[in-house]
Amino acid sequence: ASTSASSSLIDVSDFGERLSVVDKFNTQSFTYDRVFDPSTDQESVYLSCVADVTLSVLEGYNGSIIAYGQTGTGKTYTIEGGDDDTRGIIPRATEELFKNIENSANVSSKFLVRVSYLEIYNEKISDLIDPSRKDLACERTAKGAYTSRVCRSM
């Protein structure tokens with residue numbers, strides 16, 4: 001799938017792993033785990049990138065989904081989405097997570113679900129569950145970096 005943008009050509013490989021930007025002077029190619037065509041639907045993005053993370057969470061692993069890119073490129077839409085078929089990653093993951101918990105064959109199993117939803121913009125961390133928490137500090141320890149004051153909804 002190719003799209004033209006201001007005299008340059010953007011080409012996504014057939015396998016969705018390479019993106020090439022061609023202009024009249026040169027070609028730059030970038031390799032990713034997955035590149036999505038602009039016409040890709042929300043379900044395809046979820047199934048390709050997030051469904052396995054959601055299932056791993058059910059097995060006791062921590063899961064993180066990160067949307068990264070320039071302002072206006074669709075990160076919020078991909079994460080939140082719209083109604084019904086256009087719902088994004090968070091509604092789909094939440095639905096799948098709780099559907100699997102509800103249908104768990106082992107009635108003695110206990111699940112604790114904690115969710116944090118934050119934004120890093122202009123090097124400032126904001127809590128999107130509690131918007132009054134802005135400019136949160138990133139703390140570093142021997143175990144890594146974390147934000148301790150982010151809300152964890154349960």
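Modeller: Helices here are DSSP runs of H or I with at least four residues, strands are runs of E with at least two, and both are numbered from the N terminus. Please keep in mind throughout that this is a predicted model.

Colleague: With that numbering, where is the place of Gly 88?

Modeller: Leaving aside neighbours within four places in sequence, Gly 88 is in contact with Gln 42, Tyr 77, Thr 78, Ile 79, Glu 80, Gly 81 and Gly 82. As for the element to which Gly 88 is assigned, the place of this residue is in the loop between α3 (75-80) and α4.

Colleague: Is Gly 88 buried or exposed?

Modeller: The cut-off for burial is a relative accessible area under 20%. The relative accessible area of Gly 88 is 1%, so this residue is buried.

Colleague: How far apart in space are Gly 88 and Arg 133, C-alpha to C-alpha?

Modeller: Along the sequence, Gly 88 and Arg 133 are 45 residues apart. In space, taken from C-alpha to C-alpha, the separation of Gly 88 and Arg 133 is 24 Å.

Colleague: Which word describes how α1 and α4 lie relative to each other?

Modeller: The axes of α1 (residues 42-49) and α4 (residues 89-102) come within 10 Å and cross at roughly 60°. Angles under 35 degrees count as roughly parallel and those from 65 to 115 as roughly perpendicular. The two helices α1 and α4 are therefore oblique.

Colleague: How many charged residues does the contact of α1 with α4 have?

Modeller: The crossing of α1 and α4 is right-handed. On the α1 side the contact is made by Gln 42, Glu 43, Val 45 and Tyr 46, and on the α4 side by Ile 89, Arg 92, Ala 93 and Glu 96. Sorted by class, the contact of α1 with α4 has four nonpolar residues, one polar residue and, as charged residues, three.

Colleague: At roughly what angle do the axes of α1 and helix α2 cross?

Modeller: Two packed helices are described by the angle between their axes and the distance between the axes. Here α1 and α2 are oblique to each other. The axes of α1 and α2 (residues 51-58) come within 4 Å, and they cross at roughly 50°.

Colleague: Which residues of α2 do Tyr 46, Leu 47 and Cys 49 of α1 meet, and how do the residues of that contact divide?

Modeller: The three residues from α1 meet Ala 51, Val 53 and Thr 54 in α2. The residues of the contact of α1 with α2 divide into no charged, one polar and five nonpolar.

Colleague: How many nonpolar residues are in the contact of α2 with α4?

Modeller: The axes of α2 and α4 come within 10 Å and cross at roughly 35°, and the crossing is right-handed. Ala 51, Thr 54, Leu 55, Val 57 and Leu 58 of α2 make this contact with Ala 93, Glu 96, Leu 97, Asn 100 and Ile 101 of α4. By class, the contact of α2 with α4 has one charged and two polar residues, and the number of nonpolar residues is seven.

Colleague: Turning to the strands, is Asn 122 buried or exposed?

Modeller: The place of Asn 122 is in the loop between β5 (118-121) and β6 (124-127), and Asn 122 has a positive phi of about 50° although it is not a glycine. With 61% relative accessibility against a cut-off of over 50%, Asn 122 counts as exposed.

Colleague: What is the phi of Glu 123?

Modeller: Glu 123 is found in the loop between β5 and β6 and is exposed, with a relative accessible area of 79%. Although Glu 123 is not a glycine, its phi is positive, at about 60°.

Colleague: What separates the C-alpha atoms of Lys 124 and Ala 137?

Modeller: Lys 124 is found in strand β6, and at 43% relative accessibility it counts as partly exposed. Leaving aside neighbours within four places in sequence, Lys 124 is in contact with Glu 119 and Asp 135. Lys 124 and Ala 137 are 13 residues apart along the chain, and their C-alpha atoms are separated by 8.2 Å.

Note on methods. Residues are numbered from 1 along each chain as its sequence is written. This is a predicted model: local features need pLDDT of at least 70, side-chain atom pairs count only at pLDDT 80 or more; totals for chains, interfaces and linings use all residues. Side-chain values use heavy atoms; hydrogens and water are left out. Axes are lines fitted to C-alpha atoms, for helices over the stretch in contact, and angles run from 0 to 180 degrees between N-to-C directions. Angles under 35 degrees count as roughly parallel, over 145 as roughly antiparallel, 65 to 115 as roughly perpendicular and the rest as oblique. A crossing is left-handed if the near helix is turned anticlockwise from the far one by less than a right angle, and right-handed if clockwise. Contact means heavy atoms within 4.5 Å. Ala, Val, Leu, Ile, Met, Phe, Trp, Tyr, Cys and Pro count as nonpolar, Asp, Glu, Lys and Arg as charged, and the others, Gly among them, as polar. Buried means under 20% relative accessible area, exposed over 50%, partly exposed in between (1.4 Å probe, protein chains only).
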